[in-house]
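I'm going through the chain contacts and then the salt bridges.

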Protein chains: 4
Amino acid sequence: MTAPTSRRGRPRGAGTDQAILDAVRALLVEHGYSGLTIEGVAARSGVAKSTVYRRWTTKADLVVDAVVDTLTPLFAAPPDSAPEDLLRALVTALSQPASRAAFLAVISEAAVDPMVHERAATRLIEPSRRLVERCSAGVDTAIDGDLLFDVIAGAVIHHVLVRGLAGDEAFIAGLLGAVSPHRVGAAGS
Amino acid sequence: MTAPTSRRGRPRGAGTDQAILDAVRALLVEHGYSGLTIEGVAARSGVAKSTVYRRWTTKADLVVDAVVDTLTPLFAAPPDSAPEDLLRALVTALSQPASRAAFLAVISEAAVDPMVHERAATRLIEPSRRLVERCSAGVDTAIDGDLLFDVIAGAVIHHVLVRGLAGDEAFIAGLLGAVSPHRVGAAGS
Amino acid sequence: MTAPTSRRGRPRGAGTDQAILDAVRALLVEHGYSGLTIEGVAARSGVAKSTVYRRWTTKADLVVDAVVDTLTPLFAAPPDSAPEDLLRALVTALSQPASRAAFLAVISEAAVDPMVHERAATRLIEPSRRLVERCSAGVDTAIDGDLLFDVIAGAVIHHVLVRGLAGDEAFIAGLLGAVSPHRVGAAGS
Amino acid sequence: MTAPTSRRGRPRGAGTDQAILDAVRALLVEHGYSGLTIEGVAARSGVAKSTVYRRWTTKADLVVDAVVDTLTPLFAAPPDSAPEDLLRALVTALSQPASRAAFLAVISEAAVDPMVHERAATRLIEPSRRLVERCSAGVDTAIDGDLLFDVIAGAVIHHVLVRGLAGDEAFIAGLLGAVSPHRVGAAGS
DNA sequence: CTATAAGCGAGACGGTACGTCTGGTCTTGTG
DNA sequence: CACAAGACCAGACGTACCGTCTCGCTTATAG
């Protein structure tokens with residue numbers, strides 16, 4: 001995930017990365033970010049502490065990767081998807097318990113630690129933004145692009161992450177309707 | 001803040017609570033939630049560790065109280081305020097550096113620890129929600145109340161907390177315009 | 001036990017001293033000297049911590065008094081007693097569980113703390129020494145007086161305190177025989 | 001001193017045990033057993049607290065080892081030594097200020113804590129007993145072996161540890177003479 | 001076929017902070 | 001005044017992790 005994997009020496013264990021990230025997600029759900037320990041991750045994944053440190057330098061790095069790892073496929077939606085599908089992908093991705101804990105942990109740390117902010121911005125926030133932009137492209141709205149990002153991403157975050165509610169079809173349709181007045185079945189005038 | 005202050009024994013020091021909460025806010029800004037230590041709070045506020053533990057049982061309790069302590073006046077806007085003023089109060093409240101770190105930390109921990117969830121919900125989230133509700137009441141919108149909460153609170157959270165941007169007048173006006181199509185000078189059709 | 005009991009104000013509680021010393025002896029047997037806590041003594045005797053501190057300034061003082069309190073009668077053997085009786089009194093005194101713990105604790109602390117040494121010397125060690133001296137006076141021995149003190153007191157200490165054995169009649173008779181060759185029924189030639 | 005020194009993992013630091021035991025002895029002399037702190041031992045020996053706890057589980061264990069560490073060479077006297085030499089070795093060993101404080105501390109705790117008693121019995125009392133027995137073997141005495149142990153060890157303890165006197169040649173010769181009436185130059189008839 | 005290089009588990013190491021407990025002091029009320 | 005109650009500063013307790021390090025061993029490629 002990190003090093004360019006030089007050719008000399010014994011190669012890294014195959015499933016080790018996955019085992020570690022799985023452990024991270026499980027422990028995140030159980031104990032939260034501040035209760036997550038490298039020691040615990042190593043124990044849970046049956047790996048030596050040094051093996052974890054060899055692959056990730058920081059708890060924050062590790063957590064970001066753990067989230068990205070599950071989100072990546074969902075970010076890679078087909079290019080011609082309908083706005084509903086894109087939004088549904090985002091909502092579904094963030095609804096996973098592990099993602100929920102991890103995402104909140106990451107943005108919370110990012111507000112305070114520039115390193116985490118940097119990494120989170122490129123690996124988490126930007127892909128989300130692109131998803132929302134592709135959403136907007138298919139929607140007839142008068143709202144400015146930057147504000148639209150705040151409105152759509154914010155509504156999803158508040159609904160799913162902060163309030164912990166399920167992001168069902170009604171929510172998705174309602175949100176799209178709220179930003180696009182002329183949309184069929186929408187709430188606008 | 002916590003005990004019913006019985007009459008027996010030596011009474012608690014007068015300014016001690018404030019000294020501790022001040023230290024918490026300062027350290028929150030400097031090191032973030034996970035970097036905040038009770039040991040550090042005690043040292044910074046010139047108080048024995050046991051004195052902190054006597055008054056607050058949990059780091060989360062302490063942090064919630066530290067933030068609520070400064071936010072309360074901001075939440076108490078006059079009852080007949082205009083939506084802009086209410087929204088501005090919310091944005092201002094969340095923009096305080098200490099509040100930003102604390103708010104995110106608290107909702108992040110709340111997702112995992114029911115005790116924190118409980119305390120945060122009543123003391124932090126609910127006041128915010130009431131502010132948003134009073135906002136909605138003064139706005140001519142077609143958006144459903146529950147969704148409107150997600151949209152307004154979410155946009156503010158995303159803009160101010162997640163992206164770390166300043167909540168200036170343009171943002172406030174834009175957001176109100178986005179949810180209220182007929183508003184003068186708004187972005188709607 | 002300490003203050004000259006002035007006449008002003010509320011008089012000291014009657015049985016309080018005894019309650020405290022009883023608690024000390026009980027706790028000494030249960031937890032030893034280093035495990036003995038003023039906090040624990042106060043709790044056990046149903047007295048406030050400050051009441052204990054008002055009457056004794058030091059844990060060592062308290063312990064010495066607690067032991068002396070029970071030992072005094074045992075040291076007061078009739079002046080014309082036989083050596084056996086005197087030795088038996090000494091052995092009996094040191095065999096009390098509380099005395100055993102306290103005696104060792106006190107001589108151990110005395111080796112390091114001059115204040116303890118002072119108090120222990122006058123109240124505990126000296127009475128023991130006088131008992132041994134009266135013993136020696138009644139024994140027909142060729143051993144020098146000073147060495148005799150080491151031999152008799154040492155043997156008792158080693159047997160009773162260090163090894164924790166009961167000081168029965170056989171031991172008493174054996175010891176007297178060992179230092180007095182011509183004694184009837186003694187072990188010497 | 002404790003673990004069977006498995007071969008896995010990073011090996012333990014070479015001089016660390018000695019540095020710790022040295023610190024223990026120094027602090028025992030300065031502050032006594034009850035004033036001895038693991039925290040202080042770690043600081044004094046320039047070692048982390050966890051390193052001390054990794055090697056000894058208990059303050060008592062630590063102190064026992066600190067004493068045994070200085071006594072061991074003296075227990076290993078040549079098998080054909082004269083009684084005087086054996087006794088002199090014992091007296092010299094116990095006369096070191098550190099040994100004095102430590103020995104008293106150990107027997108004092110042993111009277112109260114079975115774990116300490118156990119450890120002290122095997123590592124301290126038994127070797128001492130063997131030393132005294134080898135002493136007895138070279139001495140013509142009529143005193144029973146068990147009582148002889150009490151007399152010789154007791155006299156040494158009382159003279160050196162309790163009274164804090166120097167164990168000079170006169171004391172050694174006098175003690176051997178006291179238990180062996182026919183000895184050349186002895187005090188017996 | 002031997003170097004050389006890296007991965008890996010294990011665990012020691014110097015640290016920091018934890019949350020608890022006790023010490024000894026002090027400051028209130030009540031008796 | 002004595003006393004109980006209890007706040008207060010100070011600091012040790014024993015534990016848990018931190019991130020680094022040193023081992024012995026394994027597994028690869030490169031010469």
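Which chains have the most contacts among the 2 pairs of chains that touch? Chains C and D do, where contact means heavy atoms within 4.5 Å.

**Ground rules**

I'm working on a predicted model, where local features need pLDDT of at least 70, side-chain atom pairs count only at pLDDT 80 or more, and totals for chains, interfaces and linings use all residues. Residues are numbered from 1 along each chain as its sequence is written, chains are lettered from A and ligands numbered from 1 in the order in which they are written, and side-chain values use heavy atoms, with hydrogens and water left out.

**Entry: D against C**

I looked up the contact counts and got 40 residues of chain D against 37 residues of chain C. The buried area comes to about 3,100 Å², with carbon and sulfur atoms giving 65%; buried area is the accessible area (1.4 Å probe) that two parts lose on being put together, summed over both.

For salt bridges I used a side-chain nitrogen of Lys or Arg within 4 Å of a carboxyl oxygen of Asp or Glu. The rule finds 4 of them across this interface. One of the salt bridges here joins D:Asp146 to C:Arg163, with the closest N and O atoms 3.0 Å apart.

I also have 10 residue pairs in polar contact between chain D and chain C, both residues at pLDDT 80 or more. A polar contact is a pair of N or O atoms within 3.5 Å; within protein, one must be able to donate a hydrogen and the other to accept it, and residues adjacent in sequence count only if both atoms are side-chain atoms.

On the chain D side, helices H1 (16-31), H6 (97-110), H7 (114-137), H8 (145-162) and H9 (169-179) each give two or more residues. Helices (H or I, at least four residues) and strands (E, at least two) are DSSP runs, numbered from the N terminus. H8(D) gives the largest share, 12 residues. By type, I get 23 nonpolar, 10 polar and 7 charged; Ala, Val, Leu, Ile, Met, Phe, Trp, Tyr, Cys and Pro count as nonpolar, Asp, Glu, Lys and Arg as charged, and the others, Gly among them, as polar.

**Entry: C:Arg163 again**

I found D:Asp150 in a salt bridge with C:Arg163 too, at 2.8 Å, N to O. This pair crosses between chains, from helix H8 of chain D to the loop between H8 (145-162) and H9 (169-179) of chain C. Buried or exposed? D:Asp150 counts as buried at 0% relative accessibility, and C:Arg163 counts as buried at 17%. My cut-offs: buried is under 20% relative accessible area, exposed over 50%, partly exposed in between (1.4 Å probe, protein chains only).

**Entry: B against A**

Here 36 residues of chain B are in contact with 38 residues of chain A. The buried area is about 3,100 Å², and carbon and sulfur atoms give 66% of it. B:Asp150, B:His158 and B:Arg163 supply 18% of what chain B buries against chain A, more than any other three residues.

I get 4 salt bridges across this interface, including B:Asp146 to A:Arg163, closest N and O atoms 3.0 Å apart. H1 (16-31), H6 (97-110), H8 (145-162) and H9 (169-179) of chain B each supply at least two residues of the touching side. H8(B) has the largest share, 12 residues. That side divides into 20 nonpolar, 10 polar and 6 charged residues.

I also traced a salt-bridge network linking A:Arg129, A:Glu133, A:Asp146, A:Asp150 and B:Arg163.

Chains A and D do not touch, and their nearest C-alpha atoms are 11 Å apart. Chains B and D do not touch either, with nearest C-alpha atoms 17 Å apart.

**Entry: helix H5 of chain D**

I checked the length of H5(D), residues 83-95: its 13 residues should span 18 Å at 1.5 Å a residue, and its end C-alpha atoms are 18 Å apart, which agrees. The expected span is 1.5 Å times one less than the number of residues. Its buried residues include D:Leu86, D:Leu90 and D:Leu94. Among the elements covering them are H4 (59-75) and H6 of chain D.

D:Arg88 meets D:Glu169 in a salt bridge (2.6 Å, N to O). D:Glu169 lies in H9 and D:Arg88 in H5, so the pair ties together parts 81 residues apart in sequence. D:Glu169 is partly exposed at 44%, and D:Arg88 is partly exposed at 28%.
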